[in-house]
Amino acid sequence: MSRRIAIVEDEPAIRENYADVLRKQGYEVAAFAKRDEALAAFRTRLPDLAVIDIGLVDDVDGGFALCRELRALSATVPIIFLSARDSDFDIVSGLRLGADDYLTKDISLPHLTARIAALFRRSDLLAAPQISEDVLERGELTLDLKRLSARWGGRRVELTLTEFWMVHALAKFPGHVKDRDGLMRDARIVVDDSTITSHIKRIRKKFLALDAGFDCIATVYGMGYRWNAEASG
């Protein structure tokens, strides 16, 4: 069964170019120009992955709103922003809303399809036979590798796929420093240092919303991050 990718892009020529390339890769593509029509389709059937522009017709930040709405429908559907806007403010805003990746439109089509394939490989771990432990427990933290779900003190933490695998990479070996390259490798993403930092900040914020005393993710300056075993109990 082919994967269904949603493309939300208001420029017809660009939209069709992306759709044509992805169809040739064997994907099923649903293309939309407007936020409202895309959201209506998502409510009927979730895509397996969404590629979203930020400015949609007259809605200058419509893609941001759509990302928030799609993330409310599913915490795990991979979301990629693909926009001409390349400011740090837009990139950080997109990641904070729950996107798994943020790309600019100067990216090559082979690079785009490679990033999409990487996200799908990560999603496949949900259905793949587990050769290691299905559940990772570290104090208050419980990670279910089959369901790709996280709990803290029994309460669900709404992590994206990228966030889930970053937490797993850190918590799997408490006390060990994980550098940024290691985090990217385990989360199957290729991003710059500032994007990794943004992901970590958002992960901390989600845990802090459940536990104001959360301090398990420690920054080791100049090296990376580690899971604080003592803090996790």
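Rings of Phe, Tyr and Trp, the last by its six-membered ring, count as a pair if their centres lie within 6.5 Å. Planes under 30 degrees apart are stacked, over 60 edge-to-face, and the rest tilted. With that rule, a search of the whole structure finds nine aromatic pairs.

Before I go on, the ground rules. This is a predicted model, where local features need pLDDT of at least 70, side-chain atom pairs count only at pLDDT 80 or more, and totals for chains, interfaces and linings use all residues. Residues are numbered from 1 along each chain as its sequence is written, and side-chain values use heavy atoms, with hydrogens and water left out.

Let's take one of those pairs. Where do tryptophan 152 and phenylalanine 207 lie? Tryptophan 152 is in strand S8, residues 149-152, and phenylalanine 207 is in helix H8, residues 193-210. The pair therefore ties together parts that are 55 residues apart in sequence. Helices (H or I, at least four residues) and strands (E, at least two) are DSSP runs, numbered from the N terminus.

Are these two residues buried or exposed? Buried means under 20% relative accessible area, exposed over 50%, and partly exposed in between, with a 1.4 Å probe and protein chains only. Tryptophan 152 has 5% relative accessibility, so it counts as buried. Phenylalanine 207 is buried too, at 0%.

Now the strands around tryptophan 152. Two strands pair if DSSP finds at least two bridges between them. S8 runs antiparallel to strand S7, residues 141-144, and four bridges join them. Threonine 142 has arginine 151 in S8 as its bridge partner. S7 and S8 form a hairpin with four residues between them.

Look at the turn. Leucine 148 sits in the loop between S7 and S8. Its phi is positive, near 55°, in a residue other than glycine. Leucine 148 has 6% relative accessibility, so it is buried.

On to the next hairpin. S8 pairs with strand S9, residues 155-157, in the antiparallel sense over three bridges. Tryptophan 152 stands opposite arginine 155 in S9. The S8 and S9 hairpin has two residues between the strands, and there glycine 153 takes a positive phi near 60°.

Stay in S9 for a moment. Valine 157 lies in that strand. At 3% relative accessibility, valine 157 counts as buried. Valine 157 and leucine 210 are 53 residues apart in sequence, yet 8.0 Å apart in space, C-alpha to C-alpha.

Strands of a sheet pair through backbone hydrogen bonds, either parallel or antiparallel. Here five strands run in the order S2-S1-S3-S4-S5, with parallel pairing. Which strands stand at the edges? S2 (28-32) and S5 do, each with a single partner strand, so one side of each is left without a neighbour in the sheet. The twist averages 20° from one strand to the next. Axes here are lines fitted to C-alpha atoms, for helices over the stretch in contact, and angles run from 0 to 180 degrees between N-to-C directions.

S4 (residues 79-83) and S5 (residues 101-104) pair in the parallel sense over four bridges. Isoleucine 80 stands opposite aspartate 101, and serine 83 stands opposite threonine 104. S4, helix H4 (residues 88-96) and S5 make a right-handed β-α-β unit. Right-handed here means that, with the strands pointing away from the viewer, the path from the first strand over the helix to the second runs clockwise.

H4 brings us back to H8. Their axes come within 10 Å and cross at roughly 40°. That makes H4 oblique to H8: under 35 degrees is roughly parallel, over 145 roughly antiparallel, 65 to 115 roughly perpendicular, and the rest oblique. The crossing is right-handed. For a crossing, left-handed means the near helix is turned anticlockwise from the far one by less than a right angle, and right-handed means clockwise.

Last stop, another loop. Valine 57 is found between strand S3 (49-52) and helix H3 (62-73). Its phi is positive, about 55°, although valine 57 is not a glycine. With a relative accessible area of 45%, valine 57 is partly exposed.
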